[in-house]
Amino acid sequence: MFKLKEIEEYTNGNIVCGNKDIIVENYCLTQKIREMKNYFFIPIIFRKVNRESYIIDHVKNGCIGFMIDKDSENRKEIEKLAQEINPNICIIEVESVNNAIYKLGIKCRENNIEKPIIAVTGSVGKTTLCSIISQVLKTEIKLLHDFKNENNNIASYISLSYLFPDNYDMAVTEIGISDFGKMSNLSKLVKPSIAVINSIGTAHINKLKSKENILKEKLHITDKKILFLNSDDEYLRKVNESEDYEIRYYSMNEANNINRIDGKISFNTKVYGIDTNFKLNLYQEYNIRNIILAIKIAEIYNIRYENIIRAINDFRPVDGRFKVLKNVNRDITLIDDIYSSCFESVKMGLESANKIKSKRKIAVLGTIGAGSTLEETSKIHEELGNYFNNLDFDYIYLIGDFTKHIYKGALGVLEEKYIRKFKTIELLLEDLEKNIRDGDLIYFKESGFQNFDKIIEKLKNKFDIIQ
């Protein structure tokens with residue numbers, strides 16, 4: 001927690017009004033009004049939305065103060081109105097609100113550098129991997145992990161997470177990047193004790209141009225610390241030893257006796273040298289690799305054997321990450337895999353759904369994140385359509401830009417009547433509801449902005465589907 005005058009100092013800001021010695025206990029970055037005490041509103045610019053327009057709403061809600069860009073066109077008007085509402089309001093003018101919270105985060109990390117932080121990056125599967133690692137570590141460690149996946153390729157949300165050092169002994173962080181130079185900035189903020197790169201794929205290749213560039217950028221995640229790399233990835237296993245970090249590998253090859261029980265995975269691997277069997281509540285085989293890494297990290301921090309076993313066997317999928325929902329009486333299965341998508345994650349999701357027993361399989365797909373050019377994006381979507389040749393799906397439902405290229409690619413696999421493209425969510429849902437039968441599996445995948453959650457929620461209610 002900082003006093004107002006400390007925030008002024010660390011952000012190179014200027015206190016316009018307010019008690020310099022007041023202690024800020026909480027911070028809020030969103031436009032949403034929340035029940036918080038003694039909170040300070042920081043109106044960051046995010047996804048091209050300037051949250052400055054929500055300052056007065058927060059003042060009315062009882063926030064003790066706020067930051068504002070000193071060059072804002074509406075600064076004087078906002079400050080005047082805020083002081084009329086609350087004469088004791090605290091206002092700090094800064095060069096940039098986004099940079100100011102980043103500076104606060106760096107200062108807070110410097111003050112608590114002895115607390116370990118595990119940072120995870122990669123093209124796909126970061127959130128699930130972080131969640132598995134956290135599930136194991138929190139059995140014995142006071143852990144910060146509830147970032148609500150708001151890495152969002154900017155420093156602001158991660159910075160916010162580090163403003164509460166007294167509340168945790170360790171943290172697990174997901175770091176996303178979308179452009180050159182961003183990983184270095186985030187690494188300076190996080191200063192990870194252990195860093196992980198789990199995959200090099202096509203996510204954000206539109207800006208980074210190639211997988212080689214993606215790898216080069218992600219390697220900035222750490223400096224002179226332990227770096228875990230997935231040796232099953234063709235790019236990561238070629239990374240050379242460096243004085244900048246100590247490389248340790250993890251791989252699916254460390255597992256054996258891999259089986260499925262009602263679609264769920266079981267396997268054996270070593271924990272503290274003891275051959276151990278795991279029966280998971282997970283359906284995707286790549287999670288075996290995630291668990292092997294989580295075990296290696298747990299061993300570094302001396303988590304007890306029995307706690308490792310229990311935490312892994314009890315782990316459930318995170319919402320939107322291949323979460324399997326069922327109506328047992330009618331044997332209908334919905335797979336919620338909608339958080340985000342790139343070519344690799346869609347393939348993995350479809351492959352995993354394909355291995356789950358069902359009478360029929362239906363894929364509901366939106367536009368996927370891919371390609372540095374329109375031509376390349378079109379090609380990747382068409383390749384995804386072609387990929388159904390390796391699968392046993394009966395229907396493909398499509399909506400969104402570029403899915404016409406999935407349609408084109410899939411025409412060589414399924415008859416035209418089994419590939420259905422829609423202009424609206426409502427039309428898709430209407431057709432899907434009529435088509436679903438007992439014994440069906442319906443797999444959903446999109447890039448996180450096409451409102452597939454609304455489809456899933458309506459189908460859950462209509463068909464009495466539970467987790």
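Analyst: Isoleucine 133 is in contact (heavy atoms within 4.5 Å) with Ile118, Val120, Val172, Leu293, Ala294 and Ile297, leaving aside neighbours within four places in sequence. The model is predicted: local features need pLDDT of at least 70, side-chain atom pairs count only at pLDDT 80 or more, and totals for chains, interfaces and linings use all residues. Residues are numbered from 1 along each chain as its sequence is written, and side-chain values use heavy atoms, with hydrogens and water left out.

Together with Ile118 and Leu137, Ile133 touches the most other members of the largest nonpolar core, which has 39 residues. A nonpolar core here is a set of buried Ala, Val, Leu, Ile, Met, Phe, Trp, Tyr and Cys residues joined through side-chain atoms within 4.5 Å. Buried stands for under 20% relative accessible area, exposed for over 50%, and partly exposed for the range in between (1.4 Å probe, protein chains only). At least two residues of this core come from each of strand 10 (117-121), helix 5 (126-137), strand 12 (170-174), strand 13 (194-197), strand 14 (225-230), strand 17 (264-271), helix 10 (286-300) and helix 11 (305-314). Helices (H or I, at least four residues) and strands (E, at least two) are DSSP runs, numbered from the N terminus. The most is given by helix 10, with 8 residues. Another core, of 27 residues, lies apart from this one and includes Tyr283, Leu350, Ala363 and Leu384. In soluble globular proteins, nonpolar side chains tend to be buried together.

Asparagine 198 sits in the loop between strand 13 and helix 8 (205-208). With 8% relative accessibility, asparagine 198 counts as buried. Beyond residues up to four places away in sequence, Asn198 touches Thr121, Gly122, Ser123, Val124, Gly125, Lys126, Leu129, Asn230, Leu236 and Tyr250. One of these, glycine 125, is 73 residues from asparagine 198 in sequence, with 7.8 Å between the C-alpha atoms.

For the chain as a whole, there are 16 helices and 24 strands. Buried residues account for 56% of its 467 residues. Of the contacts between residues at least 6 apart in sequence, 67% join residues at least 24 apart. Setting aside neighbours within four places, lysine 326 contacts Tyr283, Ile332, Thr333, Ile465 and Ile466. Its relative accessible area is 28%, so lysine 326 is partly exposed.

Helix packing comes next. Two packed helices are described by the angle between their axes and the distance between the axes. Axes are lines fitted to C-alpha atoms, for helices over the stretch in contact, and angles run from 0 to 180 degrees between N-to-C directions. Angles under 35 degrees count as roughly parallel, over 145 as roughly antiparallel, 65 to 115 as roughly perpendicular and the rest as oblique.

Helix 13 (residues 374-387) and helix 14 (residues 403-410) have axes 6 Å apart at an angle of about 40 degrees, and are therefore oblique to each other. Ser378, His381, Glu382, Leu384, Gly385 and Asn386 of helix 13 meet Thr403, His405, Ile406, Lys408, Gly409 and Ala410 of helix 14. By class, these are 3 nonpolar, 7 polar and 2 charged residues, where Ala, Val, Leu, Ile, Met, Phe, Trp, Tyr, Cys and Pro count as nonpolar, Asp, Glu, Lys and Arg as charged, and the others, Gly among them, as polar.

The axes of helix 15 (residues 425-435) and helix 16 (residues 452-462) come within 11 Å and cross at roughly 30 degrees, which makes the two roughly parallel. Helix 15 contributes Ile425, Leu428, Leu429, Leu432 and Glu433 to the contact, and helix 16 contributes Phe452, Ile455, Lys458, Leu459 and Lys462. That contact holds 7 nonpolar, no polar and 3 charged residues.

Two loop residues remain. Most residues other than glycine have a negative phi, and most peptide bonds are trans. Asparagine 38 has a positive phi, near 50 degrees, and is found in the loop between strand 4 (26-28) and strand 5 (39-41). Tyrosine 272 also has a positive phi, of about 50 degrees, and lies in the loop between strand 17 and strand 18 (274-279). Asparagine 38 is partly exposed at 34% relative accessible area, and tyrosine 272 is partly exposed at 36%.
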